[in-house]
Amino acid sequence: MSTSTLASTAQIPKTGSPLPANLAGITLSAMIAAAAIAAAKIDWLQAHGFSALTLAIIIGMLVGNLGYRRIAPACGPGVNFSKQNLLRLGIILYGFRLTFQDIGHVGLSGVLIDALVLCSTFGMALLLGTRLFKLDRNTAMLIGAGSSICGAAAVMATEPVLRAQPAQVTVAVATVVVFGSLAIFLYPLLYQLNLHWQFLASSPLAYGIYTGSTVHEVAQVVAAARAISPDAANTAVITKMVRVMMLAPFLMLLSAYVAKKSAGAKNAGGAEKHGAGRLAIPWFAFGFVAVVALNSLALLPHTLVAQVNDADNVLLAMAMAALGISTHFSSIRTAGIKPLLFAACLFGWLIVAGAAINTVVLRLFA
């Protein structure tokens, strides 16, 4: 065996017992996640839509940019494990928050609105991001996924399919935080304006569907809709959950799209066609659907499901913390102002086009 082979082998933890080699990084990610979950219980942060996931990536970035290099050799493997493996498990367990019965609560109109908002927003992301703003494809897709589906969770779920870089993921999450937080204050104002101008149906039900179908994060949806009424908040959350449920088919279609584009690029470059653009199947998306199906049967006790959801919050927060640790401020500065302007355009699209989609569909099903 060559010296280089021996060196590379020594850097790879043994697959038979990965935990000891990963323990330091996993512990660091868990400590940051615990701090974020505790901070997310502060009333002011809750009122302004700062979830544990958002806080985890912020704290992780602070840790990653303030002295992490000293412990990086010991913590690196565990941080990568949290960012990849724990993320996939967290997305799978996210299915325990949803049931297929949720679809019945918003009706066919709510499902159709969610689907149209998702497809149109992601389509605009591909068009504007790569052509107008000249962003790299991964950054455009990640921002598009976060805007069109469920914020940071969608960005993190899309990352394995695209094999994106940590800086690209962090930039996408940052845009979700900025414009999702803005939506918390803007949407109640839009509701008051709508009572006067009557652009949309002014009922709490209609406002709830509009909010749930267009605001980025679940926590931000709750904060924006509660400013109107409990009924609006309930409808908004259900609409948002149906939108979240569309994450699995989205990932499968995205994987096929990425494989096709990759194959075309390789063939155009003169590479052999065989093996080009191999489809990267997001198996965790199938697990997500399976868990939603299991939860829909209502076979598990509510207390157990609640405990699983609490554990899932920890897993996702650990993944976000690991992402933050892996990201350096210099990488974000390099990205420049373009991603923020791009996300602002998508935010405007969600508000205006989302209102148009809601109006047309609700009138058709009235």
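Helices, as the term is used here, are DSSP runs of H or I with at least four residues, numbered from the N terminus. The structure described is a predicted model.

Five such elements shape the largest pocket: helix 3 (43-47), helix 4 (52-65), helix 11 (218-226), helix 12 (230-245) and helix 15 (302-325) each contribute at least two residues to its lining. Among these contributions, that of helix 11 is the largest share, at five residues. The space in the largest pocket amounts to about 840 Å³. Its lining comprises 27 residues, and those closest to the centre of the pocket are Ser 51, Ala 52, Val 218, Ala 219 and Asn 313. By residue class, 18 residues of this lining are nonpolar, four are polar and five are charged.

A search of the whole structure returned one cavity of 30 Å³ or more. The volume of the largest cavity is about 30 Å³. The residues lining this cavity are Leu 53, Leu 87, Ile 91, Ala 153, Met 156, Leu 316, Ala 319 and Met 320. Two or more lining residues come from each of helix 5, helix 8 and helix 15. Helix 15 makes the greatest contribution to the lining of the largest cavity, with three residues. In contrast to the lining of the largest pocket, which includes four polar and five charged residues, the lining of the largest cavity consists of eight nonpolar residues, with no polar and no charged ones.

Helix 5 (residues 72-93) and helix 8 (residues 152-162) meet at an angle of about 125 degrees, and their axes are 10 Å apart. On the side of helix 5, the contact involves Leu 87, Arg 88 and Ile 91, while helix 8 supplies Ala 153, Met 156, Ala 157, Glu 159 and Pro 160. Six of the residues in this contact are nonpolar and two are charged, with no polar residue present. Leu 87, Ile 91, Ala 153 and Met 156 take part in this contact and are also among the residues that line the largest cavity.

A further helix pair is formed by helix 7 (residues 137-150) and helix 17 (residues 338-364), whose axes come within 10 Å and cross at roughly 35 degrees. Helix 7 contributes Ala 140, Ile 143, Gly 144 and Ser 147 to the contact, and helix 17 contributes Pro 339, Phe 342, Ala 343, Leu 346 and Leu 350. The residues of the contact between helix 7 and helix 17 comprise seven nonpolar, two polar and no charged ones.

Notes
Residues numbered from 1 in each chain as written. Predicted model: local features only at pLDDT ≥ 70, side-chain atom pairs only at ≥ 80, totals over all residues. Heavy atoms only, no water. 1 Å grid on protein atoms, 1.4 Å probe; cavity = no way out; pocket = protein on both sides within 12 Å on 5 of 7 lines; lining within 4 Å. Points joined across faces, edges and corners; volume = space filled by probe spheres on them. Nonpolar A, V, L, I, M, F, W, Y, C, P; charged D, E, K, R; others polar. Axes fitted to C-alpha atoms, helices over the stretch in contact; angles between N-to-C directions. Contact = heavy atoms within 4.5 Å.
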